[in-house]
Amino acid sequence: MKPKLVEALSLLAPIEAGLDALLKEGKPIRYDFADGSRLHIDRPLPFLCIYVGPAQGAAFDAVSANASYLIATGSELAGEIARLVATTMHDRCGAFLVIDIGELAEDRFLTDDAPFLPPFEIALASGDTTEEKAALKRFATAASRRDAKYRTPRVGDLNPAACEEPQLSDILGDIRCLTVRFAPIYRIPGGKGTYPALRDLVVANMVDSALQAVSAFLKASQLEPPATHRSLGRRVFIDAVARADRDMDKIASTFDFLLAVTPINAEQAWLEFEAGGFERAPLLLYRPHEFEVTDQKRKLYSVALDHLEDPLLAGLLSEKQQELDLQLSMLAARETPRFAELGRALYGGVEPELVSRARGILDKATDLEPKARQKCLGADVVAAAAREMIARYRAAYPDFEASVEIRSDLPAGLLVSRNRLLISRDTKLAPERLLALLSHEIGVHLLTYFNGDMQGLTILRSGLAGYEGMQEGLAVLAEYLVGGMTEARLRLIAARVLACQAMLDGATFEDTFRVVHIDFGLDRRSAFNVVLRVFRGGGFAKDAIYLRGVVQVLDHLKNGGSLTPFWIGKISAHHFGIIQELSARGLLRAPKLEPAFLSSEVARPRLKKAMAGMDPVDMIET
């Protein structure tokens with residue numbers, strides 16, 4: 001026996017002890033061998049993915065993305081460890097499958113004179129048992145249905161004679177095994193590097209197809225297959241994921257993006273604009289930055305995302321990294337023309353369909369004032385009511401440690417900053433709007449912050465990339481569900497869309513004010529507040545997301561979607577499927593809290609109406 005193998009086999013005893021602890025105490029296994037091999041099992045599972053070779057390439061990534069995997073430098077060592085794991089797990093799970101994943105030596109379908117990109121090769125082999133054949137068939141079907149972009153998979157039989165290394169299936173003997181080899185299409189011909197995006201797609205294909213194969217294997221073994229094959233994925237965040245998440249949150253915590261682009265002299269700006277006959281844009285003042293943008297960007301891109309072993313989580317963190325980069329770029333460009341263009345990249349433009357919806361609301365919602373004038377509530381009364389609502393949530397969940405601050409450096413209204421509710425000293429709120437606004441800010445924004453905080457990933461409390469549209473859509477829906485959606489409020493939301501469109505099309509502050517005030521009938525102060533929001537920082541495209549978001553929420557409900565996943569944390573509509581997968585894998589828990597307004601007698605019939613299908617303009621009740 002080779003000396004290296006003898007040395008490695010000496011580790012079988014601690015692995016056996018680790019397997020025993022896994023079964024009895026639920027402790028995950030993660031052993032790193034001196035030669036670079038690794039065994040990772042996060043819970044008892046009926047499969048083990050194996051890669052034999054150096055720690056590089058898409059096959060290595062695909063295997064190490066699984067909840068149960070072995071990276072080995074040699075086939076003999078892999079066989080010994082796999083046999084030990086298979087014996088133990090078979091006794092616990094009732095069946096066990098080894099999936100041996102590797103790469104073919106060459107991409108033989110690709111030629112220099114090909115007039116178009118040809119298919120790429122995936123070669124499969126398995127034993128003769130019914131269970132193994134079922135796994136092979138499912139893998140082939142799943143892999144064939146997923147385009148790797150640019151080239152289509154072509155699945156065939158693996159020719160053992162063409163393989164340079166001894167097959168792991170031969171070493172394993174009677175242990176059920178599926179062998180997978182795929183062409184290295186992600187490598188640039190001539191050894192000049194790789195295509196990173198193509199590599200990610202190949203890895204995703206291999207991981208998903210392998211889990212589907214395990215599901216089919218279990219069914220053929222007369223065992224209960226999982227409700228979804230994705231539940232066979234990882235349930236444990238490795239240290240690299242936790243570290244990257246924590247490091248990114250530290251950077252995000254160094255600045256408050258919305259506060260940084262919100263003027264601190266809103267009241268004085270209104271007086272200046274009024275004194276100038278509404279013909280000259282007022283001077284807007286902002287908080288000075290307490291950090292160096294380039295320094296934060298350097299830190300942001302020093303966060304390593306290449307060893308996370310989970311493509312889905314790596315994708316979420318990469319998206320957040322890019323969003324933070326854009327926000328930092330916007331702060332560096334504050335009060336310059338580049339700010340608006342960077343904002344367009346972050347929030348998107350204003351699509352014609354959204355403009356049409358906004359105009360429809362302004363045409364239908366013509367009642368500009370409440371039916372009867374009542375004395376408005378000031379900041380102190382709003383703050384007292386907010387603390388009462390927070391106390392009720394804290395009674396259900398003691399970690400709901402939100403604070404309420406009354407500030408003199410904010411425009412009239414409320415703003416959530418992480419776990420703080422900030423209330424402008426200039427706030428004047430109609431009584432019938434109090435519950436609606438608190439449900440918006442506390443029942444959605446603060447609630448999802450604290451629910452996200454208990455999930456184990458800080459980006460779920462601070463927000464996945466692009467989360468704001470869905471957050472504001474849910475918050476606007478909350479206003480409707482508690483019976484606080486007024487015509488004036490819906491007109492403001494619609495007017496913001498048209499003001500954003502005007503700003504992005506090059507209109508000035510004063511021109512946009514005239515459009516909102518004269519063309520659409522908002523009173524001067526309301527029109528000013530809309531335009532101030534849209535032109536803050538140099539042109540802020542965010543405010544179109546309120547109407548866009550509520551349209552997305554209403555469409556989601558009409559199509560039978562549940563709101564529950566959106567309470568897990570701050571996520572976007574784009575991430576709904578990802579959250580479902582993470583939940584199925586057990587990486588996320590059910591939300592600790594759901595908004596109190598959902599269970600109210602007032603909300604139930606309105607929610608039922610929304611689920612049957614409605615347009616935002618239908619939220620106005622006559």
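Me: A salt bridge needs a side-chain nitrogen of Lys or Arg within 4 Å of a carboxyl oxygen of Asp or Glu. In this predicted model, what makes the contact between Glu581 and Arg585 a salt bridge?

Reply: The N to O distance of Glu581 and Arg585 is 3.4 Å. The limit is 4 Å, so the pair qualifies.

Me: Why is Arg585 called buried?

Reply: Buried means under 20% relative accessible area. Arg585 has 4%, so the label holds.

Me: What makes Arg230 and Glu581 a salt bridge?

Reply: Their closest N and O atoms are 2.8 Å apart. That falls within 4 Å, so this pair counts too.

Me: Why say that this pair ties together separate parts of the chain?

Reply: Look at the positions. Arg230 sits in the loop between helix 7 and helix 8, while Glu581 belongs to helix 23. The two parts are 351 residues apart in sequence, so the bridge links them.

Me: What is the C-alpha separation of Arg230 and Val207?

Reply: It is 9.7 Å. The two residues are 23 apart along the chain.

Me: What makes Glu472 and Lys542 a salt bridge?

Reply: The N to O distance is 3.7 Å. Glu472 lies in helix 18 (residues 468–481), and Lys542 is in the loop between helix 21 (524–535) and helix 22 (545–558). The bridge therefore joins parts 70 residues apart in sequence.

Me: How many salt bridges does the whole structure hold, and which residues form a network?

Reply: The search finds 41. Arg30, Asp32, Arg38, Arg234 and Glu309 are linked in a network of salt bridges.

Me: What makes the span of helix 4 close to expectation?

Reply: Helix 4 covers residues 75–93, which is 19 residues. From first C-alpha to last it reaches 25 Å, close to the 27 Å expected at 1.5 Å a residue. Its buried residues include Leu77, Ile81, Leu84 and Val85. Just after helix 4, Gly94 takes a positive phi of about 90 degrees.

Me: Why can Leu285 belong to a nonpolar surface patch?

Reply: Patch members need over 30% relative accessible area. Leu285 has 40%, so it passes, and it counts as partly exposed. Leu285 lies in the loop between helix 10 (266–275) and helix 11 (293–300). With Ile264 and Leu283 it makes a patch of about 250 Å².

Me: What lines the second largest pocket?

Reply: The pocket holds about 1300 Å³ of space. It is lined by 43 residues, and those closest to its centre are Val203, Asp310, Pro311, Leu312 and Ala314. Helix 7 (196–220) and helix 12 (311–332) are among the helices that each supply at least two lining residues.

Me: Which helix gives the most to that lining?

Reply: Helix 7, with eight residues.

Notes
Residues are numbered from 1 along each chain as its sequence is written. This is a predicted model: local features need pLDDT of at least 70, side-chain atom pairs count only at pLDDT 80 or more; totals for chains, interfaces and linings use all residues. Side-chain values use heavy atoms; hydrogens and water are left out. Patches are made of residues with over 30% relative accessible area and no salt bridge: like charges are joined within 9 Å, nonpolar side chains (Val, Leu, Ile, Met, Phe, Trp, Tyr) within 5 Å. Accessible areas come from the Shrake-Rupley method with a 1.4 Å probe; for residues, only the protein chains shown count as cover. Helices (H or I, at least four residues) and strands (E, at least two) are DSSP runs, numbered from the N terminus. Buried means under 20% relative accessible area, exposed over 50%, partly exposed in between (1.4 Å probe, protein chains only). The expected span of a helix is 1.5 Å times one less than its number of residues. On a 1 Å grid over the protein atoms alone, a cavity is a set of points where a 1.4 Å probe fits but cannot get out, and a pocket is an open set with protein on both sides within 12 Å along at least five of seven lines; lining residues have an atom within 4 Å of a point. Grid points are joined across faces, edges and corners, and a volume is the space filled by probe spheres set on the points.
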